[in-house]
Amino acid sequence: MDANALAVRCQNIVKVYDTGDQKVTALNGINLDIAMGELMMLVGPSGCGKTTLISIIAGILNQDEGSCELFGENLIAMHSQDKLRFRARNIGFVFQAFNLLPSLTATENVSIPLIINGAKRIEAERKANIVLEQVGLGDRVTSLPSQLSGGQQQRVAIARALVHSPRLIVCDEPTSSLDHETGHTVMELLKDVALHKDRTLVVVTHDSRIFNFADRIAEMDDGHIVKIENTVMAH
Amino acid sequence: MNHIALKMLVGDKGKYLGIVMGLTFASLIMTQQPAIFLGIMTRTFSFISDVGLPDIWVMDAKVQFVDDIKPLQDTELYRVRGISGVDWAMPMYKGLLKARLADGTFQTCVVVGLDDATLIGGPPIMLEGSIEDLRRSDGVIVDVDGAKNKLAKIPRTPGGKPVPLRVGDSLELNDRRAIVVGIAKVTRTFQAQPVVYTTYSRARNYAPRERKLLSFILVKAKQGQDLPELTRRIRQSTGLAAYTRTEFIDLTYKYFLKNTGIPINFGISVLLGFIVGAAIAGQTFYNFTLDNLRQFGVLKAMGASNWVLLRMILLQAILVGSIGYGLGVGLTALFGYSMRDTILAFKFPWQLLVFSGAGVSLICAFAAIISILKVIRLEPAIVFKS
């Protein structure tokens, strides 16, 4: 794979959690390249290290060994403020539990990444409304999360992940809180709206029903990547 | 991010109200109890502050406070008048005498005898009659609170309201007739007894026979006199105690502070209010932060710095602190206003606003600091935990 076209390059990543009584090796020598414009799924049983890996890829957790480059930048070598700015500009998040701020409207929730990046509130909310329109929630911009269904909340979360045009979106179990049909719709939305040649999606999932949306699937077990399957070829 | 911080705060109405109520309670206790304390302490020296004209009070050297009367011989007055730098010196009698009321009951009163010629040391505000009316035969001036309450006449109808003592009414002081010639407004005293003003010579007649009856000598210094120097001269020349008005107020105030349980009792109330308020508000605010930890984690994951989150928490603390403080102080002011015509002592100076403001700020700072520490230590990876 051409190194210039890489969004993520993980080399020999090791992460050990020290729980006091014992040390748990969550990742044990992970090597993974993810190309620009690719939708990569990380799958595997609970506790295999998927979430730890996307936390390291997203720069919110430091590995103990190895290197992880994001768009050619070694995050662990960055000053903490630079890392924050890099993360704010380049990464969008979609969570299993949506993690919308319950007292903010859909517009306000979606505008947060722009405000963190220094945008004025009015401008941020204007852009947020445009993205909400794109994800089909143009009529729910003033709704609070509690007034939205699970699928709608996840669409707000996707809008929030997209609004600042990040180059990488990490999704943690984006469909596991949703029924099959809604989950399917959310994945279609992610693929249609979020994915393009300059943006990469890394999706952690258990949900085998959405595997067909992936370009590649990395199967993990016990802190290792045991298999990488190219589904585009299979399709 | 300010609007996000505020919306996070008010979004959880139950917790928001809990924090505000805790701070309101703390602020209320920290202002209301000291205001009552100050009101009571002010009453201890109100008799001195009501007598505005004299610069110096002269009394027996053993006197410890204003109600601790140790009478002097009348000749001391002349000795004081002879000291250089004294413009004038007037006698004053102050004592507790029993007044016999129209219904036959007795009421202890503070009887104040003023210099017959000048009537110096009289009540600060006359509501009815004038101070010169004291020159009329058997004339006395009664304070309005005493006239309405403890010296009031029996109700006209059974179960009715007592009839306030009025100008023209009479009462007996030590078996001698006294005619009310005026009603005055005086600051309530610590003892809360009715105050009856009369002339010095008439007060001597009302008082039980004693060799010494002169309570205080009120002194006015000549223009340009150095008051501490004059008090020193009076002390040296007469062997009596001489205090400026401020010194006499301090002496009285400190006596009550040292020799009564008032400051300790109120101090305990204020301390308890502070601790309970801090516990309620601090704990609720901390819980609020804990409940929002995941939200702070989301913001952190999305690139919000610790400094941004710190500002958000500080803003939340300042908002609840300001509202709680305002409500507490407002309730205290309302309490004071509603009690203005009652026997309850209440004094609410601006210094108390600063004191309670500092107390509430301390509580908010404490709550904010423990919350901030929690958020700073927060690993943003928490957001991936379901």
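B:Asn174 is found in the loop between strand 6 (170-173) and strand 7 (176-185) of chain B, where helices (H or I, at least four residues) and strands (E, at least two) are DSSP runs, numbered from the N terminus. Although B:Asn174 is not a glycine, it has a positive phi of about 55 degrees. With 14 other C-beta atoms within 10 Å, B:Asn174 is partly exposed; by the rule used here, a residue is buried if 20 or more other C-beta atoms lie within 10 Å of its own, exposed if 12 or fewer, and partly exposed in between, with C-beta atoms placed from the backbone.

The model is predicted, so local features need pLDDT of at least 70 and side-chain atom pairs count only at pLDDT 80 or more, while totals for chains, interfaces and linings use all residues. Residues are numbered from 1 along each chain as its sequence is written, and chains are lettered from A and ligands numbered from 1 in the order in which they are written.

In chain A, a positive phi of about 50 degrees is found at A:Ser165, which is not a glycine either, and this residue lies in the loop between helix 5 (150-162) and strand 7 (168-172) of chain A.

Strand 9 (residues 216-221) of chain B is mostly covered, with five of its six residues buried. Strand 9 of chain B runs antiparallel to strand 1 (residues 56-59) of chain B, to which three bridges join it, and also antiparallel to strand 2 (residues 86-100) of chain B, through six bridges; two strands pair if DSSP finds at least two bridges between them. B:Ile217 in strand 9 stands opposite B:Val58 and also opposite B:Pro91.

The largest nonpolar core has 113 residues, and those with the most contacts inside it include A:Leu42, A:Ile158 and A:Val202. Such a core is a set of buried Ala, Val, Leu, Ile, Met, Phe, Trp, Tyr and Cys residues joined through C-beta atoms within 7 Å. Helix 2 (residues 13-44) of chain B gives the largest share of this core, eight residues. Leaving aside neighbours within four places in sequence, A:Val202 is in contact with residues including A:Ile34, A:Met40 and A:Val170, contact meaning that the C-beta atoms of two residues, placed from the backbone, lie within 7 Å.

Where the chains meet, the contact takes 24 residues from chain A and 19 residues from chain B. Helix 2 of chain A gives the most to the side of chain A that touches chain B, with five residues.
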